Amino acid sequence: MDYTWPSVYFAYLFFFLMFALAVFFFVKTARDGYWGKDGEDIKYRMLEDGDQRRTHE
Amino acid sequence: MQEQFSRAESGGAAPGAIIHEDTTVKWFVVSSISYFFIVGIIALIIAAKFVWPDLMGTTAWLTYGRLRPLHVNGMLFGWLLAADMGLTFYIVPRLCGVKIWSEKLGVATGVLWNVIILGAVVSLLLGRNKGFEYGELEMSLSVLVVVAWLMFTANILMTVFQRKYQAMYVSIWYFMGCLLWTAFVYLTGNFATLLATGVNQANLNWMYVHNAVGLIFTPVGLGIAYYFIPRTSNTPLFSHKLSMVGFWSLAFVYVWTGAHHMLHGPISQWLQTIAIAFSLMLLVPVWAVVYNLLITMKGQWHQLRDKVELKFLMSGVVFYLLTCFQGPMHSLRTVNAIVSKTDWIPGHAHMAVLGAFSFFAIAGTYYAAPRVFGKLLHSVALANWSYWMIMIGGLGFFTTLWLGGFWQGWQWNNVSIPFIDTVVALKPIWTVRFISGVMIFVGIVMFAYNIMATVLGPETEAAA
């Protein structure tokens, strides 16, 4: 039994699945405001959300 | 803002602060640098075998055919992916403002990952090999990789789902992309390829090989760079929107590029053309990332003088640019006719995996290890030495193989030159490659020793 074509279709199914998920999440980012006027706020917040080093530098 | 501390540095922390246990991070940090050192020895031996082919005689488990897959798998999965997983466990909880979902599951993932890598060392030396590039691990170990990845994915996704903030920093997007893409790339490369035959099998294999770099190591590596460059330099990212452009363009175009390894081969012309077109389109996400990270450092370049993490990070960005410019260019049919299957390709691959992504991982380890263990870095001077050794050795390695690869390709395209003459002609190239490899290995030893001396060193006194 040659599984060549089923395995190729299997890989392309994954391609399609990934593409569909990418489209879904891309649209979701627009709805969640990543491209809006407050889209840059997060880059400032990430600087505050790390370790507060307590040992001597 | 809620304060966050590693457990090792939490003495005197205010009530309500988030205390990260970081046990999982410790597991991955220590094991990954151990494999970096051990597999570095293997790398040195196979580089020496190019210069002295009779080295180590005909003992089966010391032959090039056994050691080369061990080097590839050891560096990819034992060092780099393990280091990247550890740094993901460090970064994601901090960006989400919560503790990791399950520290126990994380430690179990670390233990299982070590079982896989040790199993790979034994089985590959015994010659048990599936026979596919990057997919050499035998079936039982491949299944365990899938199990470990599911454990890792569940832990990171559950941490992200319970995050304190709705908006996610770009690093989290890259990590989640890596989790998803690795699942399908690994399944395709290690299972689907076994069911295909002939040209289709080769095509699937190259899809896996290229996407192993592009959809596993690239997203996790960039996630690490996007986190540590702003944090180490204490400078906000130039543009979060531009970082999202880079992420989504990578998501849309990368998956089709693998077939450019089959140019001038027996696959369909339309598939070759698609691979070339998508390879050229990669310049969009690459430039979006590189421009963003370079401009972030505008006015801050002086910090490279004092911060070894930034030296590694920004050198990694430049290597990322170079390797991602090379990729699209040698996907063109005319260039590919010269460099395909030559030493140019390992030069290109090493610049991506060592020059870019390992530099990011080394920088992350230098930053995170002292914090999670509550120690000061053992030696800043030694860290700088490790940078210069790996940097100079790496440059010698990459440039020698590009030039040698071009020379090799021109000779192969001349039918009047016997093949064996092209092998003999490359000996000076391989000698420089070995010397460069020695320098890289010395740098790896310095890095590994520095981190282990930090881990095992005396406790530091809390300043607060």
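Colleague: Which residues in α4(B) meet the stretch of α3(B) that includes B:L105, B:W113 and B:S123?
Modeller: This is a predicted model, in which local features need pLDDT of at least 70, side-chain atom pairs count only at pLDDT 80 or more, and totals for chains, interfaces and linings use all residues. Residues are numbered from 1 along each chain as its sequence is written, while chains are lettered from A and ligands numbered from 1 in the order in which they are written. Two residues are in contact if their C-beta atoms, placed from the backbone, lie within 7 Å, and helices (H or I, at least four residues) and strands (E, at least two) are DSSP runs numbered from the N terminus. On the α3(B) side are B:L105, B:G106, B:A108, B:T109, B:L112, B:W113, B:I116, B:G119, B:A120 and B:S123, and on the α4(B) side they meet B:L141, B:L144, B:V145, B:V147, B:A148, B:M151, B:F152 and B:N155.

Colleague: How do α3(B) and α4(B) run relative to each other, parallel or antiparallel?
Modeller: Axes are lines fitted to C-alpha atoms, for helices over the stretch in contact, and angles run from 0 to 180 degrees between N-to-C directions. Angles under 35 degrees count as roughly parallel, over 145 as roughly antiparallel, 65 to 115 as roughly perpendicular and the rest as oblique. Helix α3 (residues 103-125) and helix α4 (residues 139-161) of chain B have axes 9 Å apart and pack at about 160°. α3(B) to α4(B) is therefore roughly antiparallel.

Colleague: What is the handedness of the crossing of α3(B) and α4(B), left-handed or right-handed?
Modeller: A crossing is left-handed if the near helix is turned anticlockwise from the far one by less than a right angle, and right-handed if clockwise. For α3(B) and α4(B) the crossing is left-handed.

Colleague: Which residues of α12(B) meet α2(B)?
Modeller: Helix α2 (residues 64-96) and helix α12 (residues 344-373) of chain B come within 10 Å, axis to axis, and cross at roughly 45°. α2(B) is therefore oblique to α12(B), and their crossing is left-handed. From α2(B), B:M75, B:L80, B:A83, B:D84, B:L87 and B:Y90 meet B:V353, B:F357, B:S358, B:A361, B:G364, B:T365, B:A368 and B:V372.

Colleague: And how is α1(B) placed against α15(B), roughly parallel or roughly antiparallel?
Modeller: The crossing of α1(B) and α15(B) is left-handed. Helix α1 (residues 23-51) and helix α15 (residues 427-456) of chain B have axes that come within 9 Å and cross at roughly 165°. That angle makes α1(B) to α15(B) roughly antiparallel.

Colleague: Where does α6(B) bend?
Modeller: Helix α6 (residues 198-233) of chain B has 36 residues and reaches 51 Å from first C-alpha to last, close to the expected 52 Å, where the expected span is 1.5 Å times one less than the number of residues. A bend at a residue is the angle between axes fitted to the seven residues ending there and the seven starting there. In α6(B) the bend is about 45°, and it falls at B:N211.

Colleague: How many residues of α6(B) are buried?
Modeller: A residue is buried if 20 or more other C-beta atoms lie within 10 Å of its own, exposed if 12 or fewer, and partly exposed in between, with C-beta atoms placed from the backbone. α6(B) is followed by B:N234, whose phi is positive, near 55°. The helix α6(B) itself is mostly covered, and its buried residues number 30 of 36.

Colleague: Which helices do the buried residues of α8(B) pack against?
Modeller: Helix α8 (residues 269-281) of chain B has 13 residues, so it should span 18 Å, and its end C-alpha atoms are 18 Å apart. Its buried residues are B:A275, B:I276, B:F278 and B:S279. They pack against two chain B helices, α7 (240-253) and α10 (308-330).

Colleague: Which residues does B:V286 touch, leaving out those up to four places away in sequence?
Modeller: B:V286 lies in helix α9 (residues 283-296) of chain B. B:V286 is buried because 22 other C-beta atoms lie within 10 Å. Its C-alpha is 8.0 Å from that of B:Y320, 34 residues apart along the chain. Beyond four places in sequence, B:V286 touches B:L321 and B:C324.

Colleague: Is B:H264 buried or exposed?
Modeller: B:H264 lies in the loop between α7 and α8 of chain B. Its phi is near 65°, positive in a residue other than glycine. With 10 other C-beta atoms within 10 Å, B:H264 is exposed.
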